[in-house]
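Here are my notes for a colleague who has not seen this structure before. Please read them with the model open.

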Amino acid sequence: MRYGTLTWVPALQRPDLLAEPVRLALEDLPRAAEVRVAEIDPDLADTAAMTQAYELPLEASVNCVLVAGKRAGEERVAACAVRATTRADVNSTVRRLLDVRKASFWPTDRAVEASGMEYGGITPVGLPQEWRLLVDASVAAGGPAIVGSGVRRSKLLLPGDLLAALPAVEVVEGLGLPVD
């Protein structure tokens, strides 16, 4: 299947293009046959570079950021999936949902170690089950969603409603705010 200038194949046919936690999650996903993967240049893994280089619509890209805050000495972690045309509302929506005084993006080294995925490839698919997984309603509404594969050298393509149907997902209206 072609989308942009990339050729997308069933993800489980190319486990070499998936981080281990992503592969394991896909093996347990009832709709895994709908998930595609495409190999990319790892230097083009960042959203802006990827969409331009491979002629992909920016609104199809979904960014996943890891956010945490503390309450009563307990760290609360959330992965936030929002369209690339928006930014995660960390200071209001995420902070309120985590019930913390302050929510911050996780440092890169911590995000990589805890997720088992590469920076620039972190995806909602295959994250630790104890983390909250927040997906913006615009992603859940459908249409294609391009997300990381857990590694920088590939991307996943799946329907947005499938992303919203991952185990324990919370669909949140207004999680993604328009980019200024």
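1. Gly 148 has a relative accessible area of 5% and is therefore buried; buried means under 20% relative accessible area, exposed over 50%, and partly exposed in between, with a 1.4 Å probe and protein chains only. Gly 148 belongs to strand S10 (residues 144-148). Helices (H or I, at least four residues) and strands (E, at least two) are DSSP runs, numbered from the N terminus.

2. The model is predicted, and local features need pLDDT of at least 70, side-chain atom pairs count only at pLDDT 80 or more, while totals for chains, interfaces and linings use all residues. Residues are numbered from 1 along each chain as its sequence is written, and side-chain values use heavy atoms, with hydrogens and water left out.

3. Which residues does Gly 148 touch, leaving aside those up to four places away in sequence? They are Gly 121, Ile 122, Thr 123, Lys 155 and Leu 156, where contact means heavy atoms within 4.5 Å. Between Gly 148 and Val 77 there are 71 residues of separation in sequence and 19 Å in space, C-alpha to C-alpha.

4. Ser 154 is part of strand S11 (residues 154-159). Its relative accessibility is 0%, so Ser 154 counts as buried. The side chains of Ser 154 and Ser 149 make a polar contact at 2.5 Å. Such a contact is a pair of N or O atoms within 3.5 Å; within protein, one must be able to donate a hydrogen and the other to accept it, and residues adjacent in sequence count only if both atoms are side-chain atoms. Not counting residues up to four places away in sequence, Ser 154 touches several residues, among them Leu 17, Val 37 and Ile 40.

5. An open sheet is formed by five strands in the order S8-S5-S6-S9-S12, with mixed pairing. Strand S8 (104-105) and strand S12 (169-172) are at the edges with a single partner strand each, so one side of each has no neighbour in the sheet. Two strands pair if DSSP finds at least two bridges between them. Helix H3 (residues 90-98) packs on this sheet and touches S5, S6, S8, S9 and S12. The direction of H3 makes about 55 degrees with that of S5; axes are lines fitted to C-alpha atoms, for helices over the stretch in contact, and angles run from 0 to 180 degrees between N-to-C directions.

6. Strand S6 (residues 74-83) is largely enclosed by the rest of the structure, because seven of its 10 residues are buried. Strand S5 (residues 62-71) runs antiparallel to S6, joined to it by 10 bridges; Val 67 has Ala 78 in S6 as its bridge partner. S6 and strand S9 (residues 132-136) run parallel, with four bridges, and Cys 80 is partnered by Leu 134 in S9. S9 in turn pairs with S12 in the parallel sense over four bridges, where Asp 136 has Val 172 in S12 as bridge partner.

7. Two backbone angles deserve a look. Most residues other than glycine have a negative phi. Ala 72, which is not a glycine, has a positive phi of about 55 degrees. Ala 72 is in the turn of the hairpin formed by S5 and S6, which have two residues between them. With a relative accessible area of 84%, Ala 72 is exposed.

8. Ala 168 also has a positive phi, near 65 degrees. Ala 168 sits in the loop between helix H6 (160-164) and S12. Is Ala 168 buried or exposed? Ala 168 is exposed, because its relative accessible area is 59%.
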